[in-house]
Amino acid sequence: MKLKDKVCIVTGAARGIGETVARRYVAEGARVAIADLELAAAEETAASLTAMGPGSAMGVAMDVTDEQAVSDGVARVVARWGTVDVLVSNAGIQIVHKIEDFPFADWKKMLSIHLDGAFLTARACIPHMYAQKSGSIIFMGSVHSKEASPLKSAYVTAKHGLLGLSRVISKEGAEHGVRANVICPGFVKTPLVEKQIPEQAAALGIPESEVIRRIMLGNTVDGEFTTAEDVAEVALLFASFPTNALTGQSLIVSHGWFME
Ligand code: NAD
């Protein structure tokens with residue numbers, strides 16, 4: 001087991017990619033906090049992962065944009081399990097508009113969930129990681145950390161920002177044994193993406209099938225969606241890698257949509 005007894009916090013893990021990462025970690029023996037806006041859903045996910053074992057999980061209420069909620073949530077995990085070894089800052093939403101129509105309130109909401117959330121959760125976990133001289137911080141970026149698409153000004157801006165944040169943390173954290181990396185998935189069929197298909201079709205005036213075939217998967221090498229399991233495999237690599245040799249990096253898992 002690669003994460004036996006490691007204490008991991010995964011935000012936005014009640015469903016979607018975060019839930020699959022949490023499941024992978026529990027399968028590797030970790031103790032995982034399912035931190036999500038939706039406590040009932042987080043607790044349900046935690047109960048099913050604990051039943052699966054060999055690790056265990058707990059649900060934690062956490063709005064990642066709320067400074068107090070983040071510090072209270074991290075404190076609950078530390079009170080129960082003593083420390084934090086791995087943070088996966090994954091909670092995220094999508095809002096699409098043409099730039100000239102993008103409501104400022106939606107722009108601020110996007111930057112708050114993706115960037116304030118990453119900053120606040122990392123800042124709350126880092127003292128525990130420094131105290132034990134080890135830790136792994138993983139930000140859920142996107143191919144949109146590297147590439148742009150129409151209608152996604154806020155998302156692309158926020159996802160690019162995570163690269164900068166992880167690089168600074170990797171420089172500051174190195175002497176304390178703390179690493180920071182970014183996972184950059186292509187399209188994964190989760191509720192977040194299911195919602196975008198009709199929205200993009202309407203905004204671009206094209207059929208939904210064309211949104212999938214041309215916009216979402218047109219640049220992949222094989223026309224395939226990335227899966228949450230693919231992303232979880234990379235999340236396991238970053239969480240379990242033993243040294244500072246792998247820090248300040250971003251890894252694209254996208255069926256070749258974007259290559260660098
Ligand atoms: P999802 O909508 O399936 O799940 C997101 C989870 O985050 C939900 O459980 C939701 O309750 C939670 N959440 C939302 N706002 C929150 C907040 N303020 N505080 C705490 N929790 C909150 O989404 P997903 O597709 O699993 O996406 C997860 C992450 O992966 C996001 O950061 C997203 O940008 C990124 N991503 C997704 C894809 C994709 O194609 N699905 C591709 C690349 C990157």
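**Cavity, pocket and ligand**

Reader: What classes of residue line the largest cavity?
Author: Six nonpolar, three polar and one charged. Nonpolar is Ala, Val, Leu, Ile, Met, Phe, Trp, Tyr, Cys and Pro, charged is Asp, Glu, Lys and Arg, and the rest, Gly included, are polar. One thing first: the model is predicted, with local features needing pLDDT of at least 70 and side-chain atom pairs pLDDT 80 or more, while totals for chains, interfaces and linings use all residues. Residues are numbered from 1 along each chain as its sequence is written, and side-chain values use heavy atoms, without hydrogens or water.

Reader: Which residues line that cavity?
Author: S89, N90, A91, I113, H114, A118, F139, M140, K159 and L162 line the largest cavity. Two or more of the lining residues come from each of α4, β5 (135-140) and α5, and α4 gives the most, three. Helices (H or I, at least four residues) and strands (E, at least two) are DSSP runs numbered from the N terminus.

Reader: And how many cavities of 30 Å³ or more are there in the whole structure?
Author: One turns up in the search, and the volume of the largest cavity is about 50 Å³. On a 1 Å grid over protein atoms alone, a cavity is where a 1.4 Å probe fits but cannot get out, a pocket is an open set with protein on both sides within 12 Å along at least five of seven lines, and lining residues have an atom within 4 Å of a point. Points join across faces, edges and corners, and volume is what probe spheres on them fill.

Reader: Switching topic: what volume does the largest pocket have?
Author: About 840 Å³. Its lining has 40 residues, with N90, A91, G92, I93 and L192 nearest the centre. By class, the pocket lining is 19 nonpolar, 14 polar and seven charged.

Reader: Which element gives the most to that pocket lining?
Author: α6, with five residues. Among the elements supplying at least two are α1 (16-27), β2 (31-36) and α4 (104-132).

Reader: Where does the ligand sit?
Author: The space the ligand takes is the largest pocket.

Reader: Nice. Which residues are closest to the ligand?
Author: R15, D36, Y155, V188 and T190, out of 29 surrounding residues (a heavy atom within 4 Å counts as near). That shell divides into 15 nonpolar, nine polar and five charged residues. α6 provides the largest share of the shell, three residues.

Definitions and conventions
A molecule sits in a cavity or pocket if more than half of its atoms lie within 2 Å of its grid points.
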